[in-house]
Amino acid sequence: MTSAPQEALVSSSTAPMPPVVDFTWKSPDGLTLSGCEWPSAKPAPEGAASPIPVLCLPGLSRNTRDFNEIARFLQTCGHRVIALDYRGRGKSDWDPDWRNYALTVEDKDIDAAIAELGLDRFAVLGTSRGGLHALAMGLRYPASRMAAVIFNDIGPHIEMRAIHRIAATLGHHMKCASHEDVAANLEHTLGYQFPAFGKADWLKLAGQLASEQDGHVMMDYDPALAHQLASLDDATPTPDLWPLYEKLTDRPVLVLRGEHSDLLSPETCRRMTDNHPNATAKTIPGQGHAPVLWDGETHKTISDFLKSV
């Protein structure tokens, strides 16, 4: 049985929510990059530790809007939540050299944001590419800094058929006449992975991926990003990222997997929990790559996990 994302629980508090704060920072090579912060809406009880800040890292062509729902929920739970737009995505500057749309360059951008924001101890919520960044961050940030990781539909082994699917669509259909047209394109491409989505769900997702610009609706990323995947073929070896995952065995891990995901297999998900002393996994029904993090059950799973950190 499949189900569409159910509406998340609404806080019973009548206090006004702190507004979302847009901020910018400079990359080491001079680009202006953008992010969003959801300040904590609930002070910690006297004598108690504040809930851990959460750093949200999006997927390959995605942006901070993917985290609107989960960020607002965690904000009401007392967390400070921050999401970043990589270079060439969202509101961040595009890079004139597409070769800089690389994990190793983005790593330095992320580190610059962490320093700018004064993040001392934090958890990472990484969707797809964001989870790959979290794997690499385990080499740079000990458990005393990056205290926990939530992998949203990503792991140390990536199914190449999913990468080929993404490569076939990346950089295409960049300009549409309306959000409804974007929604129709998304449904055509991803409908089999999200079988319970209705028109309203696809339109909501379209609003996360695209915005109005000069009388058109444009996807919010640099189409030159497609060059990063253009050279892949069936002979391209799958990188072995398990050694990076082993570096995270000293901190808790939560693995979220979409039931119909073509990128994170059940076998990889199972190995991630079997090979880690403090890892748990949650399958999100009716969704594929990557789960949208809109529903109350997923929000509670993430919140409960963060309470243990």
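Entry 1. I looked up which residues join helices α2 and α3. Leu103, Glu106, Asp107, Ile110 and Ile114 in α2 meet Arg129, Leu132, His133, Ala136 and Met137 in α3; contact here means heavy atoms within 4.5 Å. The model is predicted: local features need pLDDT of at least 70, side-chain atom pairs count only at pLDDT 80 or more, and totals for chains, interfaces and linings use all residues. Residues are numbered from 1 along each chain as its sequence is written, and side-chain values use heavy atoms, with hydrogens and water left out.

I sorted the α2–α3 contact by class and got 6 nonpolar, 1 polar and 3 charged residues. Ala, Val, Leu, Ile, Met, Phe, Trp, Tyr, Cys and Pro count as nonpolar, Asp, Glu, Lys and Arg as charged, and the others, Gly among them, as polar.

Entry 2. I then took the geometry of this pair. The axes of α2 (residues 103–117) and α3 (residues 129–137) come within 11 Å and cross at roughly 75°, which makes α2 roughly perpendicular to α3 (65 to 115 degrees; under 35 is roughly parallel, over 145 roughly antiparallel, the rest oblique). Axes are lines fitted to C-alpha atoms, for helices over the stretch in contact, with angles from 0 to 180 degrees between N-to-C directions. Helices are DSSP runs (H or I, at least four residues), numbered from the N terminus.

Entry 3. I checked α1 (residues 68–76) against α10 (residues 296–307): their axes come within 10 Å and cross at roughly 50°. That makes α1 oblique to α10. I found Glu69, Ile70, Phe73 and Leu74 of α1 meeting His299, Lys300, Ile302, Ser303 and Leu306 of α10. This contact divides into 5 nonpolar, 2 polar and 2 charged residues.

Entry 4. How many cavities of 30 Å³ or more does the structure hold? I found 2. A cavity is a set of points on a 1 Å grid, over the protein atoms alone, where a 1.4 Å probe fits but cannot get out; lining residues have an atom within 4 Å of a point. Points are joined across faces, edges and corners, and a volume is the space filled by probe spheres set on them.

The largest cavity holds about 40 Å³. I listed its lining as Arg62, Leu190, Phe194, Leu205, His289, Ala290 and Val292.

Entry 5. The second largest cavity holds about 30 Å³. Its lining includes Trp25, Tyr86, Arg87, Glu106 and Ile110. Helix α2 gives the most to this lining, with 3 residues. By class I noted 5 nonpolar, no polar and 4 charged residues.

Note on methods: Helix = DSSP H or I, 4+ residues; strand = E, 2+ residues; numbered from the N terminus. 1 Å grid on protein atoms, 1.4 Å probe; cavity = no way out; pocket = protein on both sides within 12 Å on 5 of 7 lines; lining within 4 Å.
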